[in-house]
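Please keep the model open while you read them.

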Amino acid sequence: MSASEGERPIEEGIRTDFRNRMDYGSYLDLDRLLGAQHPVSDPVHPDELLFIIQHQTTELWFKLVLHELNAVRDYLEVDDVSRAGKALARVKHIFRTLAEQWSVLATLTPSEYGEFRSSLGSSSGFQSYQYRSVEFILGNKNEGMLTVFEAKPEVHSELRHLLDTPTVYDAFLRFLARRGHDVPQGVLGRDVRRAWVEEPELIAVFLSIYNDTGAYWVEYAMCEDLVDLEDAFQLWRFRHLRTVQRTIGFKTGTGGSSGVDFLRRALDLTFFPELYSVRTGIGATDRDRGGDADVD
């Protein structure tokens, strides 16, 4: 059949018969994916679909983030820093995408959201086990959070595993030790089930790296990859906070949290604190450190 005027003809080599071939929809399981949006408001509010898709796509990205961060940890454990850096760069771009995605949800006005918010019941992003998994593998561990997932044994087990195993930062510090850097034994042997807190003794390790990037370029580049990741993650957190504040003000969250105040406190958390603290001492003179360079 010839194309009508104005129509672009299908190229001769393009396949059109998929009775015995895999097609695009089958490969991506689109019937199930696109059938997974089930608004619960009654009558169905037209903006609830936006709310559902926003959070479902976030969870899909989180799935990839976890895949990549597990790979980063594995690569570092075998000193494959090139692949670790590539995976970290991918995670950084995912969080930048997620940060921009908040602008779509921000088109939901307080009045519109208020018309179906009560339909959410006690469901909340606080209950996202994938988000909690990302926090755990990056170092913000909290065993108390596991109680939220006790009703789902498989999820609880996955989080328990992440609680009991080293973080990406632990793997990086062990890599530095194998490269000859003086990482304290107390750090290398720490209880990985505990949340990471700043270790002042590590500042000297990172200062030596940053003050001689020529000799330690591999380590230096990995440090900056981690800083890039944290910056992207924190931007996502900030955009989350601002979107919530714009949409519900200072209301309590549907899951029982304090809402905006809870999200604001999260901005004070940092995964790699020494990589920020070290910047104060990079290139510092004796006078910057409180000494006097003119005194013999």
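1. Start with Asp17, which sits in the segment before helix 1. The model is predicted, so read every value below as computed from it. Asp17 has a relative accessible area of 32%. Now look along the chain to Asp231. Asp17 and Asp231 are 214 residues apart in sequence, and their C-alpha atoms are separated by 48 Å.

2. Next comes Asp29, in the loop between helix 1 (24-27) and helix 2. Asp29 is not a glycine, yet its phi is positive, at about 55°. Most residues other than glycine have a negative phi. The relative accessible area of Asp29 is 30%, so this residue is partly exposed.

3. Move on to the loop between helix 2 (30-34) and helix 3, where Pro43 is found. Check the bond between Asp42 and Pro43: this peptide is cis, with omega about 0°. Most peptide bonds are trans.

4. Helix 3 covers residues 48-77, which makes 30 residues. From its first C-alpha to its last, helix 3 reaches 44 Å. That is close to the 44 Å expected at 1.5 Å a residue.

5. What follows just after helix 3? Asp79 does, with a positive phi of about 65°. Asp79 belongs to the loop between helix 3 and helix 4. It is another residue other than glycine with a positive phi. Its relative accessible area is 38%, so Asp79 is partly exposed.

6. Helix 4 spans residues 81-105 and includes Ala89. Ala89 is partly exposed, at a relative accessible area of 26%.

7. Helix 7 runs over residues 153-164 and has twelve residues. Its span from first C-alpha to last is 16 Å, close to the 16 Å expected at 1.5 Å a residue. Which residues of helix 7 are buried? They are Val155, Leu159, Leu162 and Leu163. These four cover an arc of only 105° around the axis, so they lie on the same side of helix 7. The face turned away from that buried side carries the exposed residues Pro153 and Glu154. As for partners, the buried residues of helix 7 pack against helix 3 and helix 6 (129-138).

8. Helix 10 (residues 201-210) can be read in a similar way. Its buried residues are Leu202, Val205, Phe206, Ile209 and Tyr210. Their arc around the axis is only 130°, which puts them on the same side of helix 10. Glu201 and Ala204 are exposed, on the face turned away from the buried side. The buried residues of helix 10 pack against helix 8, helix 9 (185-188), helix 11 and helix 13 (273-277).

9. How do helix 8 and helix 11 lie to each other? Helix 8 takes in residues 168-178, and helix 11 takes in residues 217-248. Their axes come within 11 Å and cross at roughly 170°. Angles over 145 degrees count as roughly antiparallel, and the two helices are therefore roughly antiparallel to each other. On the helix 8 side, the contact uses Val168, Tyr169, Phe172, Phe175 and Leu176. On the helix 11 side, Val218, Glu219, Met222, Cys223 and Leu226 take part. Sorted by type, the contact residues are nine nonpolar, no polar and one charged.

10. Finish with Glu219, which is found in helix 11. Is Glu219 buried or exposed? Its relative accessibility is 2%, so Glu219 counts as buried. Setting aside residues up to four places away in sequence, Glu219 touches Phe172, Phe175, Leu176, Arg179, His181 and Ile209. Among these, Phe172, Phe175 and Leu176 are part of the helix 8 contact with helix 11. Ile209 is one of the buried residues of helix 10.

Note on methods: Residues numbered from 1 in each chain as written. Predicted model: local features only at pLDDT ≥ 70, side-chain atom pairs only at ≥ 80, totals over all residues. Heavy atoms only, no water. Buried < 20%, exposed > 50% of the residue type's maximum accessible area, 1.4 Å probe, protein only. Axes fitted to C-alpha atoms, helices over the stretch in contact; angles between N-to-C directions. Parallel < 35°, antiparallel > 145°, perpendicular 65-115°, else oblique. Contact = heavy atoms within 4.5 Å. Nonpolar A, V, L, I, M, F, W, Y, C, P; charged D, E, K, R; others polar. Arc of directions from axis to C-beta. Expected span 1.5 Å × (residues − 1).
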